[in-house]
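The structure is shown first.

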Amino acid sequence: MKRIGILGLGGVGGYFGGLLAKAYYKSDEVEVIFIARGATQKAIADSGLKIVTDESEMIVHPKLVSNNPEEIGELDYLICATKTYDIEESLGSLQSCIVAKTVILPLYNGVDAPERIQKIFPQNDILQGCVYIISMITLPGTIRKMGFYEKLFFGSKTVSVSKLEELQGIFQQARIESYLVENIEETVWEKFIFISALATTTSYLNQNIGEIRDNPDAMSVYVGLVHEIDAVAKAKGLQLPDDIVNQTVLKLEKSPREATSSMHRDLLAGKSTEALSLTKFVLNEGKKYGVKTPLYEKISNVLLP
């Protein structure tokens, strides 16, 4: 029996974790455990996790929903999708569930998670991963997914191919559109370039995607940020496509007009934001590699006074 824990049941963990729970609810081979507390735990325990898409609704049930490490037990895989500012605290509480065999797949917005997790669990296999999806919590235990994007990419330069292929098999049987890729660091950075510029622009200007696309000044902020982060990625030696700036702008143009970034939503709700991992991180990496990022610097100072 392979036991998979899903930590963080927001837009990403709730959606992909939900697909896993649905596929393996009656399985003897795979057990899906939702790691949740508070209102989310109660809602899922009482009536399951509800996933609402543009054309359908479904309710799924995990084998277990808990935040008690003793109940959760040892895990074969742990998929992490909390906020980046929760990494250390949320994983620290699961020390007893993460054993030598546990493979950890981080699906965060930033690119600094694998390194941070490896510091906590130096002996464990930590994969790299990212997703393309627009989804959010609308109520505790309810996830709303917008649009048709739902791609999951993962991989590792160091983890055995058999482990990676086993996980890919688990995903594919659950009808998750997942891709096991060799050059995962580049793939993660391609996504990061998009999400960092988007989160930074939407939060700084307090505008959604449609408003940014309609406003040439706002678009020039977005494009300027993409150029800066591309320069940082190149200085790091990452082999990104030559037209990565155009590709990233095109992603914005194909995104739903009414959508915005999760960081902007958090800011509007008065919650903590991921500005450290999504905005300030680029400024810090730029300094490390001698790349000037004046726009990132200016906006970092506004978002993180």
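The second largest cavity is lined by Ile6, Val12, Gly13, Phe16, Gly17, Leu20, Ile79, Leu107, Leu152 and Phe171. A cavity is a set of points on a 1 Å grid over the protein atoms alone where a 1.4 Å probe fits but cannot get out, and lining residues have an atom within 4 Å of a point. The model is predicted: local features need pLDDT of at least 70, side-chain atom pairs count only at pLDDT 80 or more, and totals for chains, interfaces and linings use all residues. Residues are numbered from 1 along each chain as its sequence is written, and side-chain values use heavy atoms, without hydrogens and water.

**Second largest cavity**
- This cavity holds about 50 Å³ of space.
- Helix H1 (residues 11-24) contributes the most to its lining, with five residues; helices are DSSP runs of H or I of at least four residues, and strands are runs of E of at least two.

**Largest cavity**
- Its volume is about 60 Å³.
- Its lining includes Pro106, Tyr108, Gln128 and Val188.
- Helix H5 (113-120) and strand E9 (128-139) each supply at least two of the lining residues.

**Helix packing**
- Helices H7 (residues 184-205) and H10 (residues 244-254) pack at about 55°, with their axes 10 Å apart.
- The contact (heavy atoms within 4.5 Å) involves Glu190, Ile193, Phe194 and Leu198 of H7 and Ile244, Gln247, Thr248, Lys251 and Leu252 of H10.

Key: Axes fitted to C-alpha atoms, helices over the stretch in contact; angles between N-to-C directions. 1 Å grid on protein atoms, 1.4 Å probe; cavity = no way out; pocket = protein on both sides within 12 Å on 5 of 7 lines; lining within 4 Å. Points joined across faces, edges and corners; volume = space filled by probe spheres on them.
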